[in-house]
Amino acid sequence: SKSDGRLGVLLYELLTGQTPFDAKKLMQAGLDEIRRTIREQEPARPSTCLSTMLGADLTAIAKRRKAEPPKLIHLMRGDLDWIVMKALEKDRTRRYETANGLAMDIQRHLSNEPVVARPPSTGYRFQKLVRRNKLAFAAGAAVATALVLGMVGSAWEAARAKRAEREQTRLRQQAEASQRKSQTEAAKATAISGFLQQLLNSANPDALKGSEYTVRQLLDAFSAGLGAQLADQPEVEATVRATIGNAYRRLGVIDKAAPHLERALALRRRIYGAQAEPVAESLVDYAWVCFEQGQFEKGEPPVREALDIYRQRGTAGRPVISALWVLQKLVSAQGRFTEVDAVTQESSTIAGKSPGIEFPEMASMLHGLAEVKIKQAKYDEGATLASKSVAMHRRLRGAEHPETAWALLSLGVALRGQQKLAEAEACLAGSADDLSQVLFFRA
C-alpha cells in the first residue's frame, strides 16, 4: 500500500525540529480549519523552514545535529527537500509506494545516487555520478589537465617559434631595405658628385668652355643626357631632376624648370605611391612653377594635395610651412585676401609648435601678408609686419638675400603710405640695389 504521510511528517520533524505546520496555530484554529490547512496548504520545504527560523532556534537545532547552521541548510537543499516533499504529497498516488521505497530513496541520497523523488535531469545524474566516483574522476581530471597543459605548452612553443621566425624575417627585410636605401643614397651621392665636379671643372679658366661658363649653361649641359645616365635608377633620377628643376626655377628659367619638376613628380608617384612625403615635396615644387608661370588656379590643387599628405602623415615643421608659403602666394595673387590671413595664421601656429626654431619661410609669409595689408590701405599693419619680416630675414638669411630686399620694398611702400617719406626712401633705395643684383645674377 501507499506509504503513510505520517512518515513524511516524522522525517520533516527529524530534520528541522518542527512539524510541517505550526502546531500552536493549528491548535488555535477550529477542526475545519485544521482539515483545510492539511488538505490545501503546502508546507515549507525543510531548507526553507530552517532558513526562516530565528537565529537562536536554528543554532540550537544545528548544534543537536552537530553541524553549523549554514552547512545544515545547505545539506537540506536538494535531495532531502525532494524526499520529504514527496513523502508529504497530498495526492496519495504521488507518494512513495511503500515505507521501504522511502527508506531506499534515503539510502540512495546517502550513497550519492540519483533519488526517485527528484526529477532526473542530465546535470543532476552527472553530479551524482561524480560524487560516487570521486577517485576515478579526480584521476581523469588530472590526466585531462596534464593533456591540456601539454597542448598549451606545445602551442606556446609553436607560437614562440613562429614569432622568432617572423622576427628573423622582419630583420632580414629591414636589412635588405637598409641595404637598398644605402645603395640608392650612394647612387644619389655619386650623381650629385658628378654634377659638382662638372661645375668645378667648367669654372676652371683653363677648361675648354672658359671662365664665362654660366650656371645656366652648366645645368643645360648636365641635364641633356640625364635620362640615359639614370634610366635604371628612378629614385636617383627623381632627386637629381628635383634639384636641377629648382635650380632653374631660382634662376627664373621657368620653361626649363617645369619639365624636370614634372618628371620628378611622376617618378616619385610611381616609386613611393600617392601618399608619400617625397610626392608632397614634388607637388609643392610644381605649385611654385605654376605660380611663377602666372597659372595661379592651376597651382592651387597640387599644393593643397601636398598639405593633405602632410596632415595624414603627421608631418610638421618646415615642409608644411613651405607648402603654406606657396599657397599664400597663390591665393594672394587671386585677390583672396581673407584666405591670406588664415593661411599665415595656420603657418604661425605650426611654427609655434617648434619652440627655439625660426623658419625663414615665415619671414617671407610675413612680408607677403604685409603686401596684402598695403593693398587694402592698412599701412600701419603693413609697416609692422614688413618691419618684423625685414628683421627676421636679416637675422636668418642675411642683408643681401633677395627675400630681404623684397621685405624692404614692402616696408618702404608701407612707410610711404604712412607719409614717412624719408624712411620710405631709404628702404626703397636699399631694396632697389639688392634687387638689381638679383636680376643681374639671373640674367
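Visitor: Before we look around, what makes two rings a pair here?
Guide: Rings of Phe, Tyr and Trp, the last taken by its six-membered ring, pair if their centres lie within 6.5 Å, and planes over 60 degrees apart count as edge-to-face. Please keep in mind throughout that this is a predicted model.

Visitor: OK, and how many aromatic pairs does that give?
Guide: By this rule the count comes to three aromatic pairs. In one of them, the rings of Trp288 and Phe291 have centres 6.1 Å apart and planes at 85°, so this pair is edge-to-face.

Visitor: Where do Trp288 and Phe291 sit in helix α15?
Guide: Helix α15 covers residues 277-292, and because Trp288 and Phe291 are three residues apart in it, about one helical turn separates them. Trp288 counts as buried, with a relative accessibility of 8%, and Phe291 also counts as buried, at 19%.

Visitor: And how are the rings of Trp288 and Trp325 placed?
Guide: Their centres are 5.0 Å apart and their planes stand at 80°, so Trp288 and Trp325 form an edge-to-face pair. This pair links distant parts of the chain, since Trp288 belongs to helix α15 while Trp325 belongs to helix α17 (residues 318-333), 37 residues apart.

Visitor: Are Trp288 and Trp325 buried or exposed?
Guide: Both Trp288 and Trp325 are buried.

Visitor: Which charged residues lie over the face of a ring?
Guide: Arg45 lies over the face of Trp82, at 4.9 Å from the ring centre, and Lys86 lies over the face of Tyr96, at 5.5 Å from the ring centre.

Visitor: Let me zoom out, how many helices and strands are in the protein chain?
Guide: The protein chain has 22 helices and zero strands. Of its 443 residues, buried ones make up 37%, and if you take the contacts between residues at least 6 apart in sequence, 58% of them join residues at least 24 apart.

Visitor: You mentioned α17, so how does it run relative to helix α18?
Guide: Helix α18 spans residues 337-352, and the axes of α17 and α18 come within 9 Å and cross at roughly 170°. Angles over 145 degrees count as roughly antiparallel, which makes α17 roughly antiparallel to α18.

Visitor: Which residues make the contact?
Guide: On the α17 side they include Val320, Ile321, Leu324 and Leu327, and on the α18 side they include Phe337, Val340, Val343 and Ile350.

Visitor: New topic: in helix α5, which residues are buried?
Guide: In helix α5, which runs over residues 55-64, Leu58, Ile61 and Ala62 are buried. Seen down the axis of α5, the buried residues fall within an arc of 100°, so they line one face of the helix.

Visitor: And what is on the other side of α5?
Guide: There you will find Ala56, Lys63 and Arg64, which are exposed. After α5 comes Lys66, whose phi is positive, near 55°.

Visitor: What about Thr404, what does it touch?
Guide: Thr404 lies in helix α21 and is buried, with a relative accessible area of 0%. Not counting residues up to four places away in sequence, Thr404 touches His393, Arg394, Arg397, Gly398 and Ala399.

Visitor: And Arg394, where does it lie and what is it in contact with?
Guide: Arg394 lies in helix α20 (residues 379-396) and counts as partly exposed, at 47% relative accessibility. Leaving aside neighbours within four places in sequence, Arg394 is in contact with Ala399, Thr404 and Leu408.

Visitor: How far apart in space are Arg394 and Ala407?
Guide: From C-alpha to C-alpha, Arg394 and Ala407 are 10.0 Å apart in space, and they are 13 residues apart in sequence.

Methods
Residues numbered from 1 in each chain as written. Predicted model: local features only at pLDDT ≥ 70, side-chain atom pairs only at ≥ 80, totals over all residues. Heavy atoms only, no water. Phe/Tyr/Trp six-rings, centres within 6.5 Å; stacked < 30°, edge-to-face > 60°. Helix = DSSP H or I, 4+ residues; strand = E, 2+ residues; numbered from the N terminus. Buried < 20%, exposed > 50% of the residue type's maximum accessible area, 1.4 Å probe, protein only. Lys NZ or Arg CZ within 6 Å of the ring centre and 35° of its normal. Arc of directions from axis to C-beta. Axes fitted to C-alpha atoms, helices over the stretch in contact; angles between N-to-C directions. Parallel < 35°, antiparallel > 145°, perpendicular 65-115°, else oblique. Contact = heavy atoms within 4.5 Å.
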